[in-house]
Amino acid sequence: MRTLPLAVLLLVLALPAASLAADDTGGTSPSSNQASNPCVGPFAFGLRCPNLVMGTPEDLYAQIGRKRTLLRAANSIQNIGTGPMELRGKRKRPRRAFRMSVLQAIKKVGIGHAYRRTGGELFFKPIPGQYRYWKFVDAASLEIWSLGPDGKPLKRLRRSPKQVYCLRDLIQMDIPPLGSPPGRVYPACNQNPDKTKVTLGTSVGWVDRYPAQYYQQYVNVTGLKGRYAYVMTADPKGRLAESNESDNTSYVTVTLPPKEEGYLPGY
């Protein structure tokens, strides 16, 4: 395959996840878990809750083959809350299933943690050329949406095969919020197939970023013509408790199919 750019990217917008309408195939929608979110309500003052936001899609380019066109872009899951997003996995039976159930550990203002079941899973994800990693299922979604008359995403049309991510401390924000640790607390994801317990997380002021070239980091846009939104969402299933559930999504508008070589202006 050779790399070609998209024709246009002029506007960068942020869109609250709660304002995205679910389509009839189960597109992004607000979480039913929000009702059990301890980070919102009268008891939240005693907790140091995380707040995940999705950075604007970066490094967009089209990868064009004989039969399909893939829209690739880098994504970054950022924690701007007052506490870490910490996930603790425990191995399910049978062990050969390579899956773990997940508890979210929310730091208390004093000492200790508040624990909650997420209903999510860790999966021992195979990555070509890198063996496998324990990663959180549905940590993020990459999608192409149609645009409404107001120029905002209207309905999901295509979805990336990549939905499994390893939450980690990869890059610290240039201007981290108060309480950000100076060094990595949650390092690279575990690759041990014999583990019975694994902890993943992203600290306050840290970013988990995946480059546009990463395995499955694309949406198949073959046959699409016109203007669309490339939508990225952190925790699209709403399984994780956050202090703000309305800022998990960002998007850029794009024109398809691509027509020129090279990266888009500004990338």
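Reader: Okay, quick one to start: where does glutamine 63 lie?

Author: Glutamine 63 lies in strand β5. Strands here are DSSP E runs of at least two residues, while helices are H or I runs of at least four, all numbered from the N terminus. Before we go on, this is a predicted model, so local features need pLDDT of at least 70 and side-chain atom pairs count only at pLDDT 80 or more, whereas totals for chains, interfaces and linings use all residues. Residues are numbered from 1 along each chain as its sequence is written, and side-chain values use heavy atoms, with hydrogens and water left out.

Reader: Good. Is glutamine 63 buried or exposed?

Author: Glutamine 63 is buried, because its relative accessible area is 16%. Buried means under 20% relative accessible area, exposed means over 50%, and partly exposed is in between (1.4 Å probe, protein chains only).

Reader: Switching to salt bridges. How many does the structure hold?

Author: Eight. A salt bridge here is a side-chain nitrogen of Lys or Arg within 4 Å of a carboxyl oxygen of Asp or Glu.

Reader: What does aspartate 138 pair with?

Author: Arginine 239, at 3.1 Å from N to O. That pair links distant parts of the chain, 101 residues apart: aspartate 138 is in the loop between β10 (131-137) and β11 (140-147), and arginine 239 is in the loop between β18 and β19 (249-256). Aspartate 138 counts as buried at 10% relative accessibility, while arginine 239 counts as partly exposed at 22%.

Reader: What about glutamate 143, which residue does its side chain meet?

Author: The side chain of arginine 156, in a salt bridge of 3.6 Å, N to O. Glutamate 143 sits in strand β11 and arginine 156 in strand β12 (residues 153-159), so the bridge ties together parts that are 13 residues apart in sequence. Both glutamate 143 and arginine 156 are buried.

Reader: And arginine 168, what's its partner?

Author: Aspartate 208, with the closest N and O atoms 2.4 Å apart. Here again distant parts of the chain are linked, 40 residues apart: arginine 168 is in the loop between β13 (164-165) and β14 (171-172), and aspartate 208 is in strand β16 (residues 206-210). Arginine 168 counts as buried at 18% relative accessibility, and aspartate 208 counts as buried at 1%. There's also a network in which salt bridges that share partners join Glu58, Asp59 and Arg209.

Reader: Which residues does the cis peptide bond join?

Author: Leucine 256 and proline 257, with omega about 0°. Proline 257 lies in the segment after β19. For context, most residues other than glycine have a negative phi, and most peptide bonds are trans.

Reader: Now the core. Which residues touch the most other members of the largest nonpolar core?

Author: Leu122, Phe136, Ile144, Leu200 and Tyr230, out of 39 residues in that core. Strand β18 (residues 226-234) gives the most to this core, with four residues. A nonpolar core is a set of buried Ala, Val, Leu, Ile, Met, Phe, Trp, Tyr and Cys residues joined through side-chain atoms within 4.5 Å.
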